[in-house]
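Hi,

Here is the structure I promised to pass on.

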Amino acid sequence: MLGLDRITFDLSIMGGQACIRGIRIPVSLLVNLVANGKPIEEILEEYPDLEAEDIRQSLLYAAWLTQERVYPFKIA
C-alpha cells in the first residue's frame with residue numbers, strides 16, 4: 001500500500017491498530033505528537049527505536065486515510 005512498508009497491522013500488537021514496524025508505537029501517537037507541534041528531533045530522542053522515516057510514513061498514511069472521496073449513487 002503506497003510503499004508504506006513501515007506501517008504494520010497485527011491483532012496481537014495494540015489491538016491491530018496501525019503501528020510502526022511491528023513495535024508498540026501506534027501511528028496515531030506519532031501523528032498526534034507532530035500535530036501538536038512536537039519537533040521530530042524530540043520525538044526521535046524520546047522514542048529511540050524510531051527513525052525519521054517512521055514519522056514520515058506515519059504522516060503519509062494519515063494523509064492517505066483522510067483523502068476526500070465522493071461516490072455518486074443513484075436514488076431509486
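What radius of gyration does the protein have, and what would a compact globule of 76 residues have? The protein has 15 Å, while the globule would be near 11 Å. That radius is taken over C-alpha atoms, and the globule rule is 2.2 Å times the number of residues to the power 0.38. The C-alpha trace spans about 55 × 30 × 20 Å along its principal axes.

Before you read on, some ground rules. This is a predicted model, so local features need pLDDT of at least 70 and side-chain atom pairs count only at pLDDT 80 or more, while totals for chains, interfaces and linings use all residues. Residues are numbered from 1 along each chain as its sequence is written, and side-chain values use heavy atoms, with hydrogens and water left out.

Now the overall layout. There are three helices and two strands, in the order β-β-α-α-α along the sequence. These are DSSP runs numbered from the N terminus: helices are H or I with at least four residues, strands are E with at least two. Buried residues make up 28% of the 76; buried means under 20% relative accessible area, exposed over 50%, and partly exposed in between, with a 1.4 Å probe and protein chains only. The protein exposes about 5400 Å², and carbon and sulfur atoms supply 57% of that (Shrake-Rupley method, 1.4 Å probe; for residues, only the protein chains shown count as cover).

On contacts (heavy atoms within 4.5 Å): among those between residues at least 6 apart in sequence, 41% join residues at least 24 apart. On charges, the mean positions of the 7 positive and 11 negative ones are 11 Å apart. Lys and Arg count as positive and Asp and Glu as negative, with His and the chain ends not counted; each charge is placed at NZ of Lys, CZ of Arg, CG of Asp or CD of Glu.

Next, the inside. The largest nonpolar core has twelve residues: L4, I7, A18, I20, I25, V27, L30, L33, I43, L50, I55 and Y61. Helices α1 (27-35) and α3 each supply at least two residues of this core, and α1 gives the largest share, three residues. A core here is a set of buried Ala, Val, Leu, Ile, Met, Phe, Trp, Tyr and Cys residues joined through side-chain atoms within 4.5 Å.

Not counting residues up to four places away in sequence, S58 touches I7, I20, V27, L30 and V31.

The loops have a few things to check. I13 lies between β1 (7-8) and β2 (19-20) and, at 16% relative accessibility, counts as buried. Beyond its neighbours within four places in sequence, I13 is in contact with C19, G22, I23 and R24. I13 and I25 are twelve residues apart in sequence and 9.3 Å apart in space, C-alpha to C-alpha.

Most residues other than glycine have a negative phi. Both are partly exposed, M14 with a relative accessible area of 26% and R21 at 33%.

Finally, towards the ends of the chain. L2 is in the segment before β1 and counts as exposed at 54%; L2 and L50 are 48 residues apart in sequence and 20 Å apart, C-alpha to C-alpha. L65 lies in helix α3 and is partly exposed at 49%. The C-alpha atoms of L65 and Q17, 48 residues apart along the chain, are separated by 13 Å. E68 is in the segment after α3 and is exposed, at 76% relative accessibility. Between the C-alpha atoms of E68 and E42, 26 residues apart along the chain, the separation is 31 Å.

Cheers
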